[in-house]
Amino acid sequence: MNKIIIIIILCALLTFILRATPYFLVNKIEHMPDYLEKLIADLPLVVMSVLVVYCFKDAFFTTPVKSLPALIAGLVTAISYKLHHNTTLSIILGTILYMGILHIL
């Protein structure tokens, strides 16, 4: 039992170090290269695009009943964001709606 706890602590520590290292390195750089600044600026859009593609990858190739929850939740999320410009609210609303529709169908 003690070995398991030690392994878990070491894994957590290693994960923290690996994830924190880029932040410590970037803070020491006074001026970042242009390509890195462009990458940092474009990365959120790229990540969100990948997530949207992943969400809808099967929606158009299945039966309408199976694709309906993803399409409705995606539409509500987009409309909610357009109206309120609150990303967190839109994601939470879309997720709750998606889970609710899944439980109904």
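**View 1. Ser67 is a buried residue, at 6% relative accessible area.** Buried here means under 20%, exposed over 50% and partly exposed in between, with a 1.4 Å probe and protein chains only. This is a predicted model, so local features need pLDDT of at least 70 and side-chain atom pairs pLDDT 80 or more, while totals for chains, interfaces and linings use all residues. Residues are numbered from 1 along each chain as its sequence is written, and side-chain values use heavy atoms, without hydrogens or water. Ser67 sits in helix α3, residues 64–84 (helices are DSSP runs of H or I, at least four residues, numbered from the N terminus). Skip the neighbours within four places in sequence, and Ser67 touches Ala59 and Thr62 (contact: heavy atoms within 4.5 Å).

**View 2. Lys38 and Asp42 make a salt bridge.** Their closest N and O atoms are 2.9 Å apart; the rule asks for a side-chain nitrogen of Lys or Arg within 4 Å of a carboxyl oxygen of Asp or Glu. The count by that rule is 1 salt bridge. The two residues are about one helical turn apart, because 4 residues separate them in helix α2. Lys38 is exposed at 53%, and Asp42 is partly exposed at 33%.

**View 3. Lys57 lies over the face of Tyr54.** The distance to the ring centre is 4.7 Å. To qualify, NZ of Lys or CZ of Arg must be within 6 Å of the ring centre and within 35 degrees of the ring normal.

**View 4. Leu43 is partly exposed, at 43% relative accessibility.** Leu43 belongs to helix α2, residues 34–56.
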